[in-house]
Amino acid sequence: MRSVLPFAVVAIMVLPVASSAGRDIFVSNLAGDDTFTGEQPAGVATADRSGPVRSINKALHLARQGDRIVLADTNVPYRE
């Protein structure tokens, strides 16, 4: 019984982290702005600055484990 208890405690601590879903971070090198949060894709008008970020570098700084960075297809190369 003593050897089972440490595994149960570890499972309880690990499950909430493993089950959390990642978010999408949107990037547009034309419509984006690095002061935005990247929560909304380009073309979505938002007053709360939740639109796409402009640079991949900014998206990488915002990203956490499990997140996905979504690049807008603007037909303009991303140069960073």
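**Figure 1. Salt bridges across the whole structure.** A search of the whole structure finds three salt bridges. A salt bridge here is a side-chain nitrogen of Lys or Arg within 4 Å of a carboxyl oxygen of Asp or Glu. Side chains of opposite charge can pair when their charged atoms come close. The model is predicted: local features need pLDDT of at least 70, side-chain atom pairs count only at pLDDT 80 or more, and totals for chains, interfaces and linings use all residues. Residues are numbered from 1 along each chain as its sequence is written, and side-chain values use heavy atoms, with hydrogens and water left out.

**Figure 2. Overall layout of the protein.** Two helices and two strands make up the elements of the protein. Their order from the N terminus is α-β-α-β. Helices (H or I, at least four residues) and strands (E, at least two) are DSSP runs, numbered from the N terminus. The protein has 80 residues, and 20% of them count as buried. Buried means under 20% relative accessible area, exposed means over 50%, and partly exposed lies in between (1.4 Å probe, protein chains only). The accessible surface is about 6000 Å², with 61% of it belonging to carbon and sulfur atoms. Accessible areas come from the Shrake-Rupley method with a 1.4 Å probe; for residues, only the protein chains shown count as cover. Take the contacts between residues at least 6 apart in sequence: 50% of them join residues at least 24 apart. Contact means heavy atoms within 4.5 Å.

**Figure 3. The salt bridge of arginine 23 and aspartate 67.** The side chains of arginine 23 and aspartate 67 meet in a salt bridge, with N to O at 3.0 Å. The pair links distant parts of the chain, 44 residues apart: arginine 23 sits in the loop between helix H1 (4–19) and S1, aspartate 67 in the loop between H2 and S2. Arginine 23 counts as partly exposed, at 25% relative accessibility. Aspartate 67 counts as buried, at 18%.

Figure 4. The side chain of aspartate 67 reaches the backbone nitrogen of arginine 64 at 2.9 Å. Such a polar contact is a pair of N or O atoms within 3.5 Å; within protein, one must be able to donate a hydrogen and the other to accept it, and residues adjacent in sequence count only if both atoms are side-chain atoms. Leaving out residues up to four places away in sequence, aspartate 67 touches Gly22, Arg23, Ile25 and Leu62.

**Figure 5. The salt bridge of arginine 68 and aspartate 24.** Arginine 68 forms a salt bridge with aspartate 24, and the closest N and O atoms are 2.9 Å apart. Arginine 68 lies in strand S2 and aspartate 24 in strand S1, so the pair ties together parts that are 44 residues apart in sequence. Aspartate 24 is partly exposed, at a relative accessible area of 28%.

Figure 6. The side chains of arginine 49 and aspartate 33 meet in a salt bridge at 3.6 Å, N to O. Both partners are placed in the loop between S1 and H2, 16 residues apart. That loop runs between strand S1 (24–27) and helix H2 (56–62). Arginine 49 counts as partly exposed at 39% relative accessibility. Aspartate 33 counts as partly exposed at 28%.

**Figure 7. Positive phi at arginine 49 and asparagine 75.** Most residues other than glycine have a negative phi. Arginine 49 is not a glycine, yet its phi is positive, about 65°. Asparagine 75 is also a residue other than glycine with a positive phi, near 60°. Asparagine 75 is found in the segment after strand S2 (68–71). Asparagine 75 is exposed, with a relative accessible area of 72%.

**Figure 8. Surroundings of tyrosine 78.** Tyrosine 78 is found in the segment after S2. Its relative accessible area is 24%, which is partly exposed. The side chain of tyrosine 78 reaches the backbone oxygen of alanine 72 at 2.8 Å. Not counting residues up to four places away in sequence, tyrosine 78 touches Val27, Ser28, Asn29, Arg54, Ile56, Leu71 and Ala72. The C-alpha atoms of tyrosine 78 and arginine 54 are separated by 9.4 Å, and these residues are 24 apart along the chain.
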